[in-house]
Amino acid sequence: MVVWVFIVHLFLQVIAEKRILLDDPAFLQSQIHALEMKMEDVVARNTDLTAKYTDLSVKYNTLLTKSNGGGIFVRWGRKDCPGINTELVYSGFAGGSWPQHTGAAAEFVCLPRDPDLTTKFTSSYAFMYGSEYDASSTEFGHDNGDDLPCSVCRSTVQSSVLMIPGKSSCYDGWSMQYHGDLVAGAVVHKAATQYICLDEHPEALIAGQRNDDGKFFYPVKAVCGALACPPYHNDKYLTCVVCTK
């Protein structure tokens, strides 16, 4: 439609400039031929621009897809990754510091099954223990001393990762990778601790040689006061969800 409007505009311009007589067939024919040539040129240029736009659009979408991937998260309590556009980086053992050490590290870590170890140090040191189910937290469905698995997962299409404490579903625009129960170390232990999201259906490993009372984890409940209640409720346990975008 735009091309024909352009052609009519050129035709009228020629008439105005040349002041032609409409009863001159030979001149009219030559001008129509010239307009047809210009039309072909316009169409060719338009086709070339469309092709270039399409090529750039494909490249942009490809780059967008590649740049969106790469969000890394740990799925605590499981040996596998969710089947939602994810890939397994590695599966291993949850670990951390002993709960009664006052200088212990706070965070949980996901240890690989194929470690590269060294003997070059002889000075002071820290410790790494395995994470275990405790006798007082049998609600998770596993025996005292069973070890906690973990898996490091990568989203193949999304780059942002968010763990939301107190939620079992993601907000609009986010994709849920897994949900479960918020856990942390016990308040009576000396060591600092960290909140992690334990999968709703946690698995166990019989991996350690003995029960060391290692890096423990327990469900987390709300304490009203400084915490707003409602929406939270005293002594009710917090859920959690891991989301990607």
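**Cavity**

I looked up the largest cavity of this predicted model and found a volume of about 80 Å³. The search used a 1 Å grid over the protein atoms alone, where a cavity is a set of points at which a 1.4 Å probe fits but cannot get out. Grid points are joined across faces, edges and corners, and the volume is the space filled by probe spheres set on the points. Over the whole structure I found one cavity of 30 Å³ or more.

I then listed the lining, meaning residues with an atom within 4 Å of a point: Ser97, Trp98, Pro99, Gly185, Ala186, His189, Ala191, Ala192, Thr193, Lys215 and Phe216. I sorted this lining into six nonpolar, four polar and one charged. Here Ala, Val, Leu, Ile, Met, Phe, Trp, Tyr, Cys and Pro count as nonpolar, Asp, Glu, Lys and Arg as charged, and the others, Gly among them, as polar.

I followed Lys215 from this lining and noted that Lys215 lies over the face of Phe108, at 4.8 Å from the ring centre. The criterion for a charge over a ring is NZ of Lys or CZ of Arg within 6 Å of the ring centre and within 35 degrees of the ring normal.

**Basis of the entries**

I number residues from 1 along each chain as its sequence is written. In this predicted model, local features need pLDDT of at least 70 and side-chain atom pairs count only at pLDDT 80 or more, while totals for chains, interfaces and linings use all residues; side-chain values use heavy atoms, with hydrogens and water left out.

**Second largest pocket**

I took a pocket as an open set of points with protein on both sides within 12 Å along at least five of seven lines. The second largest pocket has a volume of about 690 Å³. I found 26 lining residues, with Tyr218, Pro219, Val220, Lys221 and Tyr237 nearest the centre of this pocket. Two or more residues each come from β6 (161-165), β7 (175-184) and β9 (218-219), and β7 gives the most, with three. I classed this lining as 18 nonpolar, five polar and three charged.

**Strands**

I counted two helices and 10 strands, taken as DSSP runs numbered from the N terminus (helices H or I, at least four residues; strands E, at least two). In sequence order I read α-α-β-β-β-β-β-β-β-β-β-β.

I examined β10 (residues 239-244), where five of six residues are buried; buried means under 20% relative accessible area, exposed over 50%, partly exposed in between (1.4 Å probe, protein chains only). Of the 245 residues of the protein, 31% count as buried.

I checked pairing, which requires at least two DSSP bridges between two strands. Strand β10 runs antiparallel to β6, with five bridges, and antiparallel to β7, with six bridges. Val161 stands opposite Thr244 in β10, and Gly180 has Cys240 of β10 as bridge partner.

In β6 I also looked up Pro165, which counts as partly exposed because its relative accessibility is 42%. The C-alpha atoms of Pro165 and Leu182 are separated by 6.5 Å, although these residues are 17 apart along the chain.

**Aromatic pairs**

I found five aromatic pairs in the whole structure, counting rings of Phe, Tyr and Trp (its six-membered ring) with centres within 6.5 Å; planes under 30 degrees apart are stacked, over 60 edge-to-face and the rest tilted. Phe127 and Tyr129 form a tilted pair, at 6.2 Å centre to centre and 55 degrees between the planes. Ring pairs link Tyr125, Phe127 and Tyr129 into a cluster. I recorded Phe127 as partly exposed because its relative accessibility is 46%.
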